[in-house]
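Reader: I have this model open and would enjoy a close look at one part of it, chain by chain. Could you walk me through it?

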Amino acid sequence: MRVAVASGKGGTGKTFVTVNLARSYDEPVLVMDCDVEEPNSAIFLKGEQVSSRRSHVLIPSVNEQLCDGCRVCSTVCEFNAIAVIAGKPLIFEDLCHACGGCATFCPQDALHEVEHEIGTITEQQDGSIRLISGKLDVGKALAVPVIRDVKRSAERARESMMLIDSPPGTSCPMVWTVSDSDLVILVTEPTAFGLHDLQLAVETVREIGVPFAVVLNKDGVGDSRVERYCEQNGIEILARIPHDRVIAELYAQGETIVHDARYAQVFSQLWQKIVAFTANEEAHRA
Amino acid sequence: MHEQKRGASGDSSSVKELVVLSGKGGTGKTTITASFAALADQVILADCDVDAADLHLITAPTLVTDEPFFSGKEAVVDSEQCSGCGLCAIACRFDAFVEKSDGAYTISPVHCEGCGVCVRICPEEAIRFIDRDCGRWMVSDTRFGPMVHARLHAAGENSGKLVTLVRREAKRIAEKQNIPLLLVDGPPGIGCAVISSVTGADAVLLVTEPSKSGLHDLERVTALARSFSIPVYVCVNKCDIDTGITESIRRRTIEDGNYFVGTIPYDEQMVKAQNMGLSAVEFIEGETRDRIREIWESIWTTQ
């Protein structure tokens with residue numbers, strides 16, 4: 001089962017929910033940190049690094065002997081990543097979306113694709129929790145290829161349970177992260193910004209067509225607007241995590257909170273709700 | 001940020017552009033931006049967090065113009081003409097093609113990158129390449145001054161280009177109306193939308209929080225901001241959640257040659273202000289308000 005933890009707004013507690021869920025799971029669990037612009041799960045899930053490798057995309061490289069300057073490559077490139085200057089193609093690697101079009105359509109076979117590094121994928125093991133994190137290099141624009149690389153690393157995983165820490169927002173990085181999940185947990189807070197961005201996230205997961213439910217974090221800090229919205233729209237709230245300064249202080253230090261019996265109970269109940277929710281979804285589909 | 005400072009772009013505009021970023025989300029970018037808007041004499045606002053924009057919840061804009069945003073292309077299969085050969089699915093690097101039960105193919109629009117490889121490769125010419133409707137962008141009036149904002153469609157593409165458009169329009173209006181300051185509420189992260197928010201700006205304010213996550217993310221967004229060779233200011237929100245980390249951030253900022261411009265205590269009144277649709281400085285009296293004002297003043301006197 002794949003459970004993605006997402007939100008429209010940043011800072012609502014995606015990583016907090018992901019790492020505490022991982023810590024309170026009894027069986028081996030795989031956590032994927034797909035917030036590759038700012039990955040933080042590794043701060044909370046310690047443990048030994050098992051492997052680390054560079055992540056790359058394929059970008060074109062020109063064989064000047066074969067190139068006759070015909071400009072087909074720059075014509076087919078939809079991203080303005082190739083300019084033909086003085087009869088030779090010039091590749092702007094940061095604009096390239098790695099679609100392979102130029103190499104496919106070059107009539108002279110003068111373009112071949114080479115690896116261009118854009119990030120790092122690391123794997124670490126913390127007891128029964130395995131974490132695969134993607135980290136985009138600073139200055140690189142495209143997060144999605146690194147996210148896809150994290151997911152490729154998790155193919156044929158030995159763990160039957162996977163938790164995915166999503167980037168914030170509702171655009172391509174979030175969509176690529178959550179679109180193959182069995183359940184998306186949308187973490188929000190009872191504030192004006194929390195509600196507004198939850199509504200955007202709900203619109204997005206509905207557009208993608210994945211099952212979703214809400215976790216209300218920092219419950220008590222604001223008002224009842226998120227609960228009213230969920231009730232009116234038939235959205236299940238799987239858990240309410242109380243607003244507590246102690247949680248913020250532990251979080252600041254990179255600690256999980258499930259060693260505290262009160263919060264252990266919140267997260268074990270959340271697991272029960274997740275299992276019940278996905279079983280219910282499956283029954284509906286059948 | 002002094003008058004004579006020029007951005008890395010070297011443009012000679014009289015409008016100063018300050019971009020508020022954070023790396024980590026939820027540290028208070030929008031709260032600070034809205035408070036600065038209330039403190040500024042004359043300002044234009046640009047909300048560049050185009051896929052989760054919140055600034056309008058505080059500024060209560062009155063729409064002046066509302067335009068669609070088309071950017072790039074998307075591929076659409078004409079199922080009548082599709083022979084089911086599958087060449088498109090083999091060529092597509094983005095796994096956007098799905099085979100239907102009748103053997104024809106369809107495209108998942110959220111996965112289509114708009115590269116056009118399938119359009120060119122299809123032997124039946126069954127794939128159309130249409131302009132992509134990515135969202136809309138608006139110009140509004142607010143009690144603080146004009147505001148340019150946008151809304152990317154759910155699961156939308158091309159957020160970086162929409163950010164660029166919002167900033168360009170805001171700058172154009174500022175120049176026309178002689179508004180000296182453009183305040184940009186930026187997106188979280190360090191990727192395409194953030195790069196588009198900071199390219200050619202005059203200065204960056206990083207709003208962070210004292211947590212290991214905040215610190216980690218601050219280092220990455222600082223490295224990005226520094227690469228643009230413009231002044232980088234740093235402030236810490238909720239500073240008393242961990243005074244040790246707050247001090248580390250202050251030290252690190254100064255060591256890196258950036259400007260540390262202040263701290264704001266953890267204050268639950270911030271949420272009350274937000275839920276009432278007010279900026280923090282309009283609602284809160286006392287220390288929190290004073291500290292935000294000090295940060296605002298520091299930015300204009302520090303260099």
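How many helices and strands does chain A have, and which of its elements give two or more residues to the side that touches chain B?

Author: Happy to! Please keep in mind that this is a predicted model. Chain A has 10 helices and 11 strands. Its C-alpha trace spans about 70 × 45 × 40 Å along the principal axes. Chain A holds 286 residues, of which 50% count as buried. Among its contacts with a separation of 6 or more, 75% are between residues 24 or more positions apart.

Now to the side you asked about. In all, 52 residues of chain A are in contact with 52 residues of chain B. On the chain A side, the elements giving two or more residues are α4 (101–105), α6 (172–178), α7 (192–208) and α9 (245–252). Of these, α7(A) supplies the largest share, with 9 residues. By residue type, the side of chain A that touches chain B divides into 22 nonpolar, 21 polar and 9 charged residues.

Helix α1 (residues 29–39) of chain B packs against helix α11 (residues 287–301) of chain B at an angle of about 75 degrees, and their axes are 10 Å apart. That angle is why α1(B) counts as roughly perpendicular to α11(B). From α1(B), the contact is made by I32(B), S35(B), F36(B) and L39(B), while α11(B) brings I292(B), R293(B) and W296(B). These residues divide into 5 nonpolar, 1 polar and 1 charged.

Terms used:
Residues are numbered from 1 along each chain as its sequence is written. Chains are lettered from A and ligands numbered from 1 in the order in which they are written. This is a predicted model: local features need pLDDT of at least 70, side-chain atom pairs count only at pLDDT 80 or more; totals for chains, interfaces and linings use all residues. Axes are lines fitted to C-alpha atoms, for helices over the stretch in contact, and angles run from 0 to 180 degrees between N-to-C directions. Helices (H or I, at least four residues) and strands (E, at least two) are DSSP runs, numbered from the N terminus. Angles under 35 degrees count as roughly parallel, over 145 as roughly antiparallel, 65 to 115 as roughly perpendicular and the rest as oblique. Two residues are in contact if their C-beta atoms, placed from the backbone, lie within 7 Å. Ala, Val, Leu, Ile, Met, Phe, Trp, Tyr, Cys and Pro count as nonpolar, Asp, Glu, Lys and Arg as charged, and the others, Gly among them, as polar. A residue is buried if 20 or more other C-beta atoms lie within 10 Å of its own, exposed if 12 or fewer, and partly exposed in between; C-beta atoms are placed from the backbone.
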